[in-house]
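I opened the notebook to work through one model, step by step. My notes follow the order in which I looked things up.

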Amino acid sequence: MSGTSSPGPAPDALELAALLCSRVCHDLISPVGAIVNGLEVLDDNPKPDDREFALDLIRKSARTASARLQFCRLAFGAAGSSGAQIDLGDAQTMARGHLEDGKVTIAWNLPRVLLPKNRVKLLLNMMVIAQQTIPRGGVLTVDPIGEGDTFGFRVTATGLNARMPQNIADMLSSDHASSVDAHAVQPYYTRLLAQACGLNVMLAPDGDAVVVTAS
């Protein structure tokens, strides 16, 4: 008898919605919690230095929470009607606000064009996956693949000790069946977006870099 359990079924629409909500809440808990902590310090009538520290914490955390909300709205939310198109320039702004954190920088080589919203959502989710491969920071380089109706993307992550999480690569594979939890829902959702766009998404090493492609 093996020690592995049988994979669970794919989540239905209600479960997928709940898992994505859990993912968004996870992204927001940290900065919102820091704002609460800063306000508690202010309530204690702190010394001037402590007061300035608390105000600085609140300012930074509020900016982080706002950037994450705007990014999540575009990457996971409805973002307009079913046939809506999104400006890649707006997507770039959202990506920089959320992902450029002092450790990670973005080299954006895409044209400023309007693309169907699911294709833009796919790109943003690919960038989240690429960021996870460089835990010590680095550069995310975003390039186009093809043009017109076949427009795809390549996100290359370069950084010290870049790594390829095999569980994420497996979750992106259309022939991989596994139970999906709040930690795995983001790559699973990325796969669904790629399928909706008629694209295949892959995560693979490329020398010292890790590359996410959708083509």
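**Entry 1: overall layout**

How many helices and strands are there in the protein? I found six helices and seven strands. I noted at once that this is a predicted model. Reading along the sequence, I wrote the pattern down as α-α-β-α-β-β-α-β-β-α-α-β-β.

I then took the dimensions. The C-alpha trace spans about 60 × 55 × 40 Å along its principal axes. The accessible surface comes to about 11600 Å², and carbon and sulfur atoms hold 53% of that. Of the 215 residues, 42% are buried.

I also looked at contacts between residues at least 6 apart in sequence: 67% of them join residues at least 24 apart. For charge, I listed 18 positive and 22 negative side chains. The centres of the two sets lie 3 Å apart.

**Entry 2: the nonpolar core**

Which residues touch the most other members of the largest nonpolar core? I got Trp108, Leu123, Met127, Leu140 and Val155, out of 54 residues in that core. Helix 4 (residues 117–132) gives the most to this core, with nine residues. I kept a general point beside this: in soluble globular proteins, nonpolar side chains tend to be buried together.

Leaving out residues up to four places away in sequence, Met127 touches Ala95, Leu99, Ile106, Trp108, Leu140, Val142 and Val155.

**Entry 3: helix 1**

Helix 1 covers residues 13–43, and Val24 is found there. Is Val24 buried or exposed? Val24 counts as buried because its relative accessibility is 18%, and the cut-off for buried is under 20%. Beyond residues up to four places away in sequence, Val24 touches Cys72 and Phe76. I also checked Val24 against Asp101: the two are 77 residues apart along the chain, and their C-alpha atoms are separated by 18 Å.

Ala18 has its place in helix 1 too. I put Ala18 down as partly exposed, because its relative accessible area is 43%. Ala18 and Pro165 are 147 residues apart in sequence, and 24 Å apart in space from C-alpha to C-alpha.

**Entry 4: helix 2 and a histidine**

I tested the length of helix 2 (residues 48–76). At 1.5 Å a residue, its 29 residues should span 42 Å. The end C-alpha atoms are 41 Å apart, so the two values agree.

Which residues of helix 2 are buried? I listed Ala54, Ile58, Ser61, Ala65, Ala67, Phe71, Cys72, Leu74, Ala75 and Phe76. These buried residues pack against helix 1, strand 1 (85–87), helix 3, helix 4 and helix 6 (185–196).

Next I went to His98, in helix 3 (residues 88–99). His98 counts as buried because its relative accessible area is 18%. Leaving out residues up to four places away in sequence, His98 touches Ala67, Arg68 and Phe71.

**Entry 5: helix 6**

How many residues of helix 6 are buried? Nine of the twelve are, so helix 6 is largely enclosed by the rest of the structure. I wrote them out: Val185, Gln186, Pro187, Tyr188, Tyr189, Thr190, Arg191, Leu193 and Ala194. Their cover includes helix 1, helix 2, helix 4, helix 5 and strand 6 (201–206).

Helix 6 reaches 16 Å from its first C-alpha to its last, close to the 16 Å expected at 1.5 Å a residue.

Thr190 counts as buried because its relative accessibility is 0%. Not counting residues up to four places away in sequence, Thr190 touches Leu122, Asn125, Met126, Ile129, Leu172 and Val201.

**Entry 6: positive phi**

Most residues other than glycine have a negative phi. I therefore marked what to look for from that general rule. Asn161 has a phi near 55°, a positive value in a residue other than glycine. Where is Asn161 found? Asn161 is in the loop between strand 5 (152–158) and helix 5 (166–172). I noted Asn161 as exposed because its relative accessibility is 52%, and exposed begins over 50%.

Notes:
Residues are numbered from 1 along each chain as its sequence is written. This is a predicted model: local features need pLDDT of at least 70, side-chain atom pairs count only at pLDDT 80 or more; totals for chains, interfaces and linings use all residues. Side-chain values use heavy atoms; hydrogens and water are left out. Helices (H or I, at least four residues) and strands (E, at least two) are DSSP runs, numbered from the N terminus. Buried means under 20% relative accessible area, exposed over 50%, partly exposed in between (1.4 Å probe, protein chains only). Contact means heavy atoms within 4.5 Å. Accessible areas come from the Shrake-Rupley method with a 1.4 Å probe; for residues, only the protein chains shown count as cover. Lys and Arg count as positive and Asp and Glu as negative; His and the chain ends are not counted. The place of a charge is taken as NZ of Lys, CZ of Arg, CG of Asp or CD of Glu. A nonpolar core is a set of buried Ala, Val, Leu, Ile, Met, Phe, Trp, Tyr and Cys residues joined through side-chain atoms within 4.5 Å. The expected span of a helix is 1.5 Å times one less than its number of residues.
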